Amino acid sequence: MNTSRKALNCALSMVISPPSSLTFSDQFAFCPIGSTEAAIITLLYTVTDLLRSNPYVVVIALDFSKAFDTVRHSTLLQKAAELDLPDHVYNWLVHFFEGHSHRTVYTGDTSSTKTITASIIQGSSIGPAAYLITSSDLKTLHLGNRIVKFADDTYLIIPASGFTTRSAEMDNIRDWAARNNLTLNMIKTTETVIYDCRKTQQDTPPPLPSITRDDTLRILGVTLTRRLSASDHIRRVVSECSQTLYALRVRVTTA
């Protein structure tokens with residue numbers, strides 16, 4: 001089984017030219033050249049590059065509720081079939097996801113058996129690759145907008161020139177989520193308007209009614225202000241380190 005999983009991950013890593021319906025170039029998780037650092041650098045580069053010709057850039061941090069737990073197996077396998085995978089790898093993938101069921105035993109009572117048709121195990125070898133395939137057809141509607149993904153952490157980047165496309169882009173993402181058995185959590189989805197710190201701030205664009213606007217943007221554990229300053233993040237990290245060092249010092253003194 002471990003050999004088959006390694007073969008699948010290896011096969012997926014060699015899919016250099018996927019069909020036009022699937023895109024892996026905007027995904028930075030679970031791939032040889034991907035990392036949180038690469039995702040953050042790409043997002044910051046995209047924003048700063050757009051700020052050259054735009055007074056502001058809107059970054060919407062999307063939140064999908066329990067994304068790994070709700071991936072529909074049939075939809076996942078349909079997308080996997082579009083990839084140029086060896087037959088034995090695809091057949092193993094089908095076999096891996098079929099035939100699973102669940103039942104609950106409590107105080108001597110047993111529930112009826114329910115077939116499992118969704119969810120992938122996040123900590124398994126196959127889980128990351130499976131989610132990459134699932135999210136590979138999530139794209140923007142308009143060419144001027146961008147998407148950066150790290151697993152299910154997804155960021156929609158819209159320059160001022162495309163500000164009027166926000167509603168259409170969000171509707172498209174909600175529709176995509178519904179087709180893939182995922183749920184876009186609008187309570188945790190936030191938007192931040194980024195400005196160039198070297199220029200005078202323009203009028204703030206109106207927020208979407210369904211999205212909370214935040215003055216800071218949290219990207220994979222790093223907090224940035226709307227001027228792309230990391231000062232708040234650095235202060236928080238230094239404060240946490242100081243507290244840890246103080247706790248260690250007290251422990252050593254009292255030992």
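**Notes on the predicted model**

1. Ala151 sits in the loop between β6 and β7 (153-159). Please bear in mind throughout that this is a predicted model. Ala151 has a positive phi of about 60°, although it is not a glycine. Most residues other than glycine have a negative phi. At 6% relative accessibility, Ala151 counts as buried, because the cut-off for that class is under 20% relative accessible area.

2. Leu220 belongs to the loop between β10 (216-219) and β11 (222-225), and with 21% relative accessibility Leu220 counts as partly exposed.

3. Which residues of helix α5 are buried, and which are exposed? In α5, which runs over residues 87-97, the buried ones are Val89, Trp92, Leu93, Phe96 and Phe97. These five cover an arc of only 125° around the axis, and therefore lie on the same side of α5. An α-helix has 3.6 residues a turn, so residues three or four places apart point the same way. On the other side of α5, Asp87, His88 and His95 are exposed.

4. Pro86 is found in the loop between α4 and α5 and is partly exposed, with a relative accessible area of 33%. Just after α5, Gly99 takes a positive phi of about 80°. The C-alpha atoms of Pro86 and His100, which are 14 residues apart along the chain, are separated by 24 Å.

5. Turning to the charged side chains, the count comes to 8 salt bridges, and one of them joins the side chains of Asp26 and Lys149, with an N to O distance of 3.5 Å. Asp26 lies in the loop between α1 (2-13) and α2 (36-51), whereas Lys149 lies in strand β6 (residues 146-150), so the pair ties together parts that are 123 residues apart in sequence. Asp26 counts as buried at 12% relative accessibility, and Lys149 is buried as well, with a relative accessible area of 1%.

6. The side chains of Asp137 and Lys79 meet in a salt bridge at 2.8 Å, N to O. Asp137 lies in the loop between α6 (126-135) and β6, and Lys79 in helix α4 (residues 73-80), so this pair ties together parts that are 58 residues apart in sequence.

7. Arg166 forms a salt bridge with Glu191, and the closest N and O atoms are 2.9 Å apart. This pair links distant parts of the chain, with Arg166 in helix α7 (residues 166-179) and Glu191 in strand β8 (residues 190-195), 25 residues apart. Arg166 and Glu191 are both buried.

8. For the chain as a whole, the protein contains 8 helices and 11 strands, and its C-alpha trace spans about 60 × 60 × 40 Å along the principal axes. Of the 255 residues, 40% count as buried. Among the contacts with a separation of 6 or more, 68% are accounted for by residues 24 or more positions apart.

9. The last point concerns the surface and the charges. The protein exposes about 14400 Å², of which carbon and sulfur atoms supply 55%. There are 25 positive and 23 negative side chains, and the centres of the two sets lie 5 Å apart.

How values were computed. Residues are numbered from 1 along each chain as its sequence is written. This is a predicted model: local features need pLDDT of at least 70, side-chain atom pairs count only at pLDDT 80 or more; totals for chains, interfaces and linings use all residues. Side-chain values use heavy atoms; hydrogens and water are left out. Buried means under 20% relative accessible area, exposed over 50%, partly exposed in between (1.4 Å probe, protein chains only). Helices (H or I, at least four residues) and strands (E, at least two) are DSSP runs, numbered from the N terminus. The arc is that of the directions from the helix axis to the C-beta atoms. A salt bridge is a side-chain nitrogen of Lys or Arg within 4 Å of a carboxyl oxygen of Asp or Glu. Contact means heavy atoms within 4.5 Å. Accessible areas come from the Shrake-Rupley method with a 1.4 Å probe; for residues, only the protein chains shown count as cover. Lys and Arg count as positive and Asp and Glu as negative; His and the chain ends are not counted. The place of a charge is taken as NZ of Lys, CZ of Arg, CG of Asp or CD of Glu.
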